[in-house]
Amino acid sequence: MKIEIKEVKTEKELRLFVKFNIELYRGCPYHVPTLIDEEIMTLSRDKNPSFEDCEAVYYLAYKNGRIVGRIAGMIVHRSNTIWNQKHARFGFVDFIDDAEVVDALFDAVTAWAREKGMTALHGPMGFTDLDHEGMLISGFDQPATMATIYNYPYYPEHMARMGFGKDQDWKEYKIYIPDGVPEKHLRIGKIVEQKYGLKVMKFKKRKEIWPYANKIFTTLNEAYAHLYGFTPLTPKQIEYYVKMYIPMLRLNLITIIVRESDNAVAGFGISMPNLTNALRKSKGSLLPFGFIHLLKALYMKPKVVDLYLIGVLPEYRNKGVNTLLFNDLIPEYIRLGAVYAESNPELEINNAVQAQWDYFRREHHKTRRAFIKQI
């Protein structure tokens with residue numbers, strides 16, 4: 001049967017686009033469904049502030065009258081300006097194991113990108129680095145996290161078949177929680193605090209963190225500026241993410257390092273209880289009972305914690321500031337009874353971030369890739 005490609009234009013079609021991922025992976029023990037309404041908000045031109053600078057198109061593939069694939073094409077103009085390139089991105093991509101379906105989806109996005117004057121297609125990526133990115137190429141028998149994509153092993157096989165090559169890889173680690181803070185970390189932490197005039201901030205009430213919320217993302221912009229594909233978040237994007245994420249964070253798992261001279265955020269570490277099982281139980285919806293599973297997971301003692309975001313200002317990079325974060329967070333993990341932490345994706349070329357795990361027992365259990373093809 002001929003594959004039919006339809007552009008998503010209505011709210012009903014957008015909901016079908018988002019729900020296809022959940023339907024395709026129904027029963028897969030490693031997949032983690034996204035929250036349907038949250039992903040719809042990300043893809044909505046009138047709700048996501050990324051669309052001030054971005055263009056996007058969404059396609060669904062139909063075979064025998066049923067949906068068999070989806071793909072988004074995106075152009076992030078600020079990113080192309082910063083990195084001096086003419087790249088379109090693909091993302092939010094899922095498909096059955098059928099070459100005709102895969103080719104039809106990528107042909108549609110490629111044609112769209114060429115019309116827009118782009119010279120390469122790369123991904124999977126999102127509108128910002130806080131969206132899901134990177135296709136799993138190893139670790140298919142490992143559960144995904146809230147922050148990462150899970151895909152079947154046949155996905156990268158189709159990418160190679162279509163002539164896509166490696167652009168960048170990310171590694172992910174299980175980092176096992178030690179019995180205590182390494183002595184060397186404690187010594188370095190004391191020296192760093194005194195030498196650079198830094199202070200560890202902790203919060204008991206949510207209202208206490210709000211004055212630092214925007215500063216965290218400003219520091220993130222500076223800390224991540226040199227990393228692959230990163231585009232600094234705009235003030236409106238920062239406001240969007242602050243409203244989305246700050247209310248759901250667990251306060252004892254947030255550590256902020258401030259510079260005492262001006263109260264600037266020199267570094268931050270944000271971790272969360274692993275929500276994999278809760279998101280599976282929610283089946284992508286907060287209602288009627290999905291929110292109960294998430295609340296339980298957020299506030300019970302987790303066996304696994306996710307290292308969601310870590311950032312340090314460039315001027316303090318490789319100067320031991322990260323030890324202050326772990327000196328504070330490790331005792332919290334121990335009190336919770338956590339067995340290991342999920343690092344989430346780290347660029348394989350980012351040796352500095354991977355070196356911070358040298359003092360811990362770790363296991364490299366997943367790798368994901370951004371593919372690229374000249375068009």
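# Exercises on a predicted model

His226 lies in the loop between α7 (206-224) and α8. The model is predicted. Work through each exercise with the structure open.

**Exercise 1. Decide whether His226 is buried, partly exposed or exposed, and find what His226 contacts.**

Solution. 

Step 1. Find the loop between α7 and α8; His226 is there.

Step 2. Take the relative accessible area of His226, which is 47%. Buried means under 20%, and exposed means over 50%. His226 is therefore partly exposed.

Step 3. Leave aside neighbours within four places in sequence. His226 is then in contact with Trp83 and Arg317.

Step 4. Look at the side chain of His226. It reaches the backbone oxygen of Ala223 at 3.4 Å.

Step 5. Compare the place of His226 with that of Asn344. The two are 118 residues apart in sequence, and their C-alpha atoms are 19 Å apart in space.

**Exercise 2. Locate Asn344 and say which residues Asn344 touches.**

Solution. 

Step 1. Go to the loop between β12 (340-342) and β13 (346-347), where Asn344 is found.

Step 2. Read the relative accessible area of Asn344: 4%. Asn344 is therefore buried.

Step 3. List the contacts, not counting residues up to four places away in sequence. Asn344 touches Thr145, Ala147, Thr148, Lys171, Glu172, Asp306, Leu307 and Tyr308.

**Exercise 3. Describe the surroundings of Lys366.**

Solution. 

Step 1. Lys366 lies in strand β14 (residues 362-374).

Step 2. Check accessibility. The relative value for Lys366 is 1%, so Lys366 counts as buried.

Step 3. Collect the contacts, not counting residues up to four places away in sequence. Lys366 touches Leu136, Ser138, Gly139, Gln142, Pro143, Ala144, Thr145, Trp170, Lys171, Glu172 and Glu342.

Step 4. Look for a polar contact. A polar atom of the Lys366 side chain lies 2.8 Å from the backbone oxygen of Pro143.

Step 5. Check one pair along the chain. Lys366 and Leu136 are 230 residues apart along the chain, yet their C-alpha atoms are separated by 7.3 Å.

**Exercise 4. Find out which residues of α2 are buried, and on which side they sit.**

Solution. 

Step 1. Go to helix α2 (residues 36-43). Ile36, Glu39, Ile40, Thr42 and Leu43 are buried there.

Step 2. Recall the helix rule. An α-helix has 3.6 residues a turn, so residues three or four places apart point the same way.

Step 3. Name what covers the buried residues of α2. The cover includes α1 (11-24), β2 (54-63), β3 (66-76), β4 (87-95) and α8 (235-245).

Step 4. Turn to one residue of helix α8, Met244. Met244 has a relative accessible area of 15%, so Met244 is buried. Leaving aside neighbours within four places in sequence, Met244 is in contact with Glu38 and Met41. Met244 and Glu38 are 206 residues apart in sequence, and 9.1 Å apart from C-alpha to C-alpha.

**Exercise 5. Describe how α4 packs against α5.**

Solution. 

Step 1. Know what to report. Two packed helices are described by the angle between their axes and the distance between the axes.

Step 2. Helix α4 (residues 99-115) and helix α5 (residues 154-161) pack at about 65°, and their axes are 11 Å apart.

Step 3. The crossing of α4 past α5 is right-handed.

Step 4. Name the residues that meet. From α4 come Ala99, Val102, Asp103 and Phe106; from α5 come His158, Met159 and Arg161.

Step 5. Sort them by class. The contact has four nonpolar, one polar and two charged residues.

**Exercise 6. Examine the backbone at Pro124, Asn263 and Asn318.**

Solution. 

Step 1. Start from the rule. Most residues other than glycine have a negative phi, and most peptide bonds are trans.

Step 2. Look at Gly123 and Pro124. A cis peptide bond joins them, with omega about 5°. Pro124 lies in the loop between β5 (120-123) and β6 (135-138).

Step 3. Move to Asn263, in the loop between β9 (254-259) and β10 (264-273). Its phi is positive, near 65°. At 28% relative accessibility, Asn263 counts as partly exposed.

Step 4. Finish with Asn318, in the loop between β11 (304-312) and α11 (321-336). Asn318 is not a glycine, yet its phi is positive, about 60°. The relative accessible area of Asn318 is 67%, so Asn318 is exposed.

Note on methods: Residues numbered from 1 in each chain as written. Predicted model: local features only at pLDDT ≥ 70, side-chain atom pairs only at ≥ 80, totals over all residues. Heavy atoms only, no water. Axes fitted to C-alpha atoms, helices over the stretch in contact; angles between N-to-C directions. Helix = DSSP H or I, 4+ residues; strand = E, 2+ residues; numbered from the N terminus. Left-handed = near helix turned anticlockwise from the far one by under 90°. Contact = heavy atoms within 4.5 Å. Nonpolar A, V, L, I, M, F, W, Y, C, P; charged D, E, K, R; others polar. Buried < 20%, exposed > 50% of the residue type's maximum accessible area, 1.4 Å probe, protein only. Arc of directions from axis to C-beta. Polar contact = N/O pair within 3.5 Å; in protein donor to acceptor, adjacent residues only side chain to side chain.
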